[in-house]
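Reader: I would like to go through this structure with you, one topic at a time. Could we begin with its charged side chains?

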Amino acid sequence: VPFGDVMWEIPAGMRDVADEPAETTARRELAEEAGLAAEHWRYLGVMASAPGITNSTVEIFACCGLSAVPVERHGPEEDHMEVRQLSLSDALEECRRGHISDSKTIIGLQWVAELL
């Protein structure tokens, strides 16, 4: 809504419980937003969301062995979400063309590309 346009991004969200492990949050958000569960998880790193404005950080994971689970969306922003599945090369190309401009998504995709 703040950008007045559709923003494509990887699943992400806030911790629902104080001191909740980051992987627990990531598992919940993947299920809530994408309707997926993952068999294997790998911690990739942490990034600062907006230095100079907030001390908020985002912890990024790669996962594989995906399977469908029921989607349990919470809130108006999730009600209007569309899930897309792209190859890594197509997603990186969308970043280069400016179709994906969310920083956590760009960084996460680059970190995954470094694994391969």
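Reader: Is Arg84 buried or exposed, or something in between?

Author: Arg84 is partly exposed, with a relative accessible area of 29%. Buried means under 20% relative accessible area, exposed means over 50%, and partly exposed lies in between, with a 1.4 Å probe and protein chains only. Please note that this is a predicted model, in which local features need pLDDT of at least 70 and side-chain atom pairs count only at pLDDT 80 or more, while totals for chains, interfaces and linings use all residues. Residues are numbered from 1 along each chain as its sequence is written, and side-chain values use heavy atoms, with hydrogens and water left out.

Reader: Which side chain does Arg84 meet in a salt bridge?

Author: The partner of Arg84 is Glu94, at 2.7 Å from N to O. A salt bridge is a side-chain nitrogen of Lys or Arg within 4 Å of a carboxyl oxygen of Asp or Glu. The pair links distant parts of the chain, 10 residues apart: Glu94 is in helix α3 and Arg84 is in the loop between α2 and α3. Helices (H or I, at least four residues) and strands (E, at least two) are DSSP runs, numbered from the N terminus. Glu94 counts as buried, at 18% relative accessibility.

Reader: Why can such side chains pair at all?

Author: Side chains of opposite charge can pair when their charged atoms come close.

Reader: How many salt bridges are there in the whole structure?

Author: A search of the whole structure finds 11 salt bridges. One of them joins Arg28 and Glu20, with 2.8 Å from N to O. Arg28 is buried at a relative accessible area of 18%, and Glu20 is buried at 11%. A network of salt bridges links Asp16, Glu20, Arg28, Glu29 and Glu32. Elsewhere, Lys104 and Asp102 meet at 3.0 Å, N to O, and both Lys104 and Asp102 are buried.

Reader: Let us move to α1. What span does α1 have?

Author: Helix α1 has 13 residues and reaches 17 Å from its first C-alpha to its last. That is close to the 18 Å expected at 1.5 Å a residue, where the expected span is 1.5 Å times one less than the number of residues. Just after α1, Gly35 takes a positive phi of about 70°.

Reader: Which residues of α1 are buried?

Author: They are Ala22, Thr25, Ala26, Arg28, Glu29, Leu30, Glu32, Glu33 and Ala34. Thr25, for instance, has a relative accessibility of 6%. Leaving aside neighbours within four places in sequence, Thr25 is in contact (heavy atoms within 4.5 Å) with Gly13, Met14, Arg15 and Glu20.

Reader: And which residues make up the largest nonpolar core?

Author: The largest nonpolar core has eight residues: Ala22, Ala26, Leu30, Ala34, Leu36, Ala38, Trp41 and Phe61. A nonpolar core is a set of buried Ala, Val, Leu, Ile, Met, Phe, Trp, Tyr and Cys residues joined through side-chain atoms within 4.5 Å. The most come from α1, with four residues. Not counting residues up to four places away in sequence, Ala22 touches Arg15, Glu59 and Phe61.

Reader: How many disulfides does the count come to?

Author: The count comes to zero disulfides, a disulfide being a pair of cysteine sulfur atoms within 2.5 Å. The sulfur of Cys63 is 7.3 Å from the closest cysteine sulfur, in Cys64, which is too far for a bond. For Cys95, the closest cysteine sulfur is in Cys63, at 17 Å, again too far. Cys63 is partly exposed at 29%, whereas Cys95 is buried at 13%.

Reader: Finally, where is confidence lowest?

Author: Confidence is lowest in helix α2 (residues 76-79), at a mean of 68, and highest in helix α3 (residues 88-96), at 98. These are pLDDT values, the predictor's confidence in each residue from 0 to 100. The mean pLDDT of the chain is 91, and 96% of its residues reach 70 or more.
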